[in-house]
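Please take a look at the structure below. A brief report on its fold and selected residues comes after it.

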Amino acid sequence: MSAWLESGTGPTVTPSTIHRESALLAEIEKLLELQELEIVRKESRIVHGESPTSESVGNKIETMRAGINKDVLSRYDRISVHGPGVVRIHKHGMCLGCNLAIPQGDLNRMTTGKTEPVCPHCGRFLSLLEI
Ligand SMILES: [Zn+2]
């Protein structure tokens, strides 16, 4: 199991934990961008087949993936098998992946970097930029 999964379970939050979770927030924003590119490539392949466009998007995707933490990336790939691996949160605290509300306390801990920004219901990464 990756170290990312173990966070938020202990009774104490050390400064290094906070630093790590904040770093995860930044990785998630990259994942969101990656996910959008992967959708563009998929659509381009459906419409045009393999083309210079899908190839150049593919190159961008490879570049992005190289810049993302490997643990985070492998989790993202695992979740993405069943739909989007990263979703935004509705401003009222609803996960846009599973449409369930995320408890305010959890949201507070996520935005302050004390716990992982991961939906407690569906396990998708949550982008917290717009809350
Ligand atoms: Zn969810």
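**Basis**

This is a predicted model: local features need pLDDT of at least 70, side-chain atom pairs count only at pLDDT 80 or more, and totals for chains, interfaces and linings use all residues. Residue numbers start from 1 along each chain as its sequence is written.

**Layout**

The chain holds five helices and two strands. Helices (H or I, at least four residues) and strands (E, at least two) are DSSP runs, numbered from the N terminus. Their order from the N terminus is α-α-α-α-β-α-β. Of the 131 residues in the chain, 23% are buried. A residue is buried if 20 or more other C-beta atoms lie within 10 Å of its own, exposed if 12 or fewer, and partly exposed in between, with C-beta atoms placed from the backbone. Two residues are in contact if their C-beta atoms, placed from the backbone, lie within 7 Å. Take the contacts between residues at least 6 apart in sequence: 59% of them join residues at least 24 apart.

**Core**

A nonpolar core is a set of buried Ala, Val, Leu, Ile, Met, Phe, Trp, Tyr and Cys residues joined through C-beta atoms within 7 Å. The largest one has 17 residues. Leu-31, Tyr-76, Val-86, Cys-95, Phe-125 and Leu-126 have the most contacts inside it. Helix H2 (15–48), H4, strand E1 (86–88) and strand E2 (125–127) each give two or more residues to this core. H2 gives the most, with four residues.

Val-86 is one of the core residues with the most contacts. Not counting residues up to four places away in sequence, Val-86 touches Ile-28, Leu-31, Leu-32, Gln-35, Tyr-76, Arg-124, Phe-125 and Ser-127.

**Helix H4**

H4 spans residues 70–80, and its Val-72, Arg-75, Tyr-76 and Ile-79 are buried. These residues lie on the same side of H4 because they cover an arc of only 100° around the axis. The arc is that of the directions from the helix axis to the C-beta atoms. Lys-70, Asp-77 and Arg-78 are exposed on the other side of H4.

**Pairs apart in sequence**

The table lists three C-alpha to C-alpha separations.

| Pair | Apart in sequence | C-alpha separation |
|---|---|---|
| Lys-42 and Gly-58 | 16 residues | 9.9 Å |
| Arg-65 and Leu-31 | 34 residues | 8.4 Å |
| Glu-55 and Arg-41 | 14 residues | 8.2 Å |

Lys-42 sits in helix H2. Lys-42 counts as exposed because it has 12 C-beta neighbours inside 10 Å. Glu-55 belongs to helix H3. Glu-55 has 11 other C-beta atoms within 10 Å, so it is exposed.

Arg-65 also lies in helix H3, which covers residues 52–66. With 17 other C-beta atoms within 10 Å, Arg-65 is partly exposed. Which residues is Arg-65 in contact with, leaving aside its neighbours within four places in sequence? They are Leu-34 and Leu-73.

**A backbone note**

Most residues other than glycine have a negative phi. Asn-99 is not a glycine, yet its phi is positive, at about 65°. Asn-99 is placed in the loop between E1 and helix H5 (104–111). Asn-99 has 11 C-beta neighbours inside 10 Å and therefore counts as exposed.
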